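Hi,

Here is the structure I promised to pass on. Please open it first, then read my notes below.

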Amino acid sequence: QPPFDAPDADALLKRLESEPAPHLADIVHDLPVQAGQIMERCLDKQSGARYQHPRELLGDLESVLHAHS
C-alpha cells in the first residue's frame, strides 16, 4: 500500500515533502512500538532527526530483535 494517494506526480511530491509518513503501526497492527519508532525516525522530514550513522540504526534494530526474541 503506497503511503500517499495523489492524482498526479506533482501532487504526490507535494504530499511527500509536506506530510509526515503514516504511522506504520496503523498498517502493521502487531508491529512492536520500538520498530515503528525506528521507521518514523528513518522517514523524518528533518535530516538532523534521522539516524546520522548506520551504526545507530543497527543498534536500535538489534534492541528490537533482542526484546522480541
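**The salt bridges**

Let me start with Asp60, which counts as partly exposed because its relative accessibility is 24%. Please keep in mind that this is a predicted model.

Asp60 has a partner. Its side chain meets that of Arg41 in a salt bridge, at 4.0 Å from N to O. Arg41 lies in helix H2 and Asp60 in helix H3, so the pair ties together parts that are 19 residues apart in sequence.

Arg41 also meets Glu56. Their side chains form a salt bridge at 3.1 Å, N to O. Glu56 lies in helix H3, which covers residues 54-67, and Arg41 in H2, so this pair ties together parts that are 15 residues apart in sequence.

A search of the whole structure finds three salt bridges. One of them joins the side chains of Arg15 and Glu19, at 3.0 Å from N to O. Arg15 is partly exposed at 28% relative accessibility. Glu19 is partly exposed, also at 28%.

**The chain as a whole**

Now step back. The protein chain has three helices and zero strands. Along the sequence, the pattern reads α-α-α. The radius of gyration is 14 Å, well over the 11 Å that the globule rule gives for 69 residues, so the chain is more spread out than a compact globule. Its C-alpha trace spans about 40 × 30 × 10 Å along the principal axes.

What share of the residues is buried? Of the 69 residues, 9% count as buried. The chain exposes about 5,500 Å². Carbon and sulfur atoms supply 57% of that area.

Contacts are worth a look as well. Take those between residues at least 6 apart in sequence: 27% of them join residues at least 24 apart.

**Helix H1**

H1 runs over residues 9-18. How many of its 10 residues are buried? The count is zero, and H1 is hardly covered.

Asp8 caps the N-terminal end of H1. One of its side-chain oxygens lies 3.1 Å from the backbone nitrogen of Asp10.

There is also a nonpolar patch on the surface. Leu12, Leu13 and Leu16 form it, with about 230 Å² of accessible area together. Leu12 sits in H1. At 30% relative accessibility, Leu12 counts as partly exposed. In general, an α-helix has 3.6 residues a turn, so residues three or four places apart point the same way.

**Helix H2**

H2 covers residues 33-42, and Gln37 lies in it. Is Gln37 buried or partly exposed? It counts as partly exposed, at 48% relative accessibility. Where is Leu24 relative to Gln37? Their C-alpha atoms are separated by 8.8 Å, and the two are 13 residues apart along the chain.

**Where to look first**

Then turn to the patch of Leu12, Leu13 and Leu16.

Best wishes

Conventions:
Residues numbered from 1 in each chain as written. Predicted model: local features only at pLDDT ≥ 70, side-chain atom pairs only at ≥ 80, totals over all residues. Heavy atoms only, no water. Patch = residues over 30% accessible without salt bridge, like charges linked within 9 Å, V, L, I, M, F, W, Y side chains within 5 Å. Areas by Shrake-Rupley, 256 points an atom, 1.4 Å probe, with all protein chains shown as cover. Helix = DSSP H or I, 4+ residues; strand = E, 2+ residues; numbered from the N terminus. Buried < 20%, exposed > 50% of the residue type's maximum accessible area, 1.4 Å probe, protein only. Polar contact = N/O pair within 3.5 Å; in protein donor to acceptor, adjacent residues only side chain to side chain. Rg over C-alpha atoms; globule rule 2.2 N^0.38 Å. Contact = heavy atoms within 4.5 Å.
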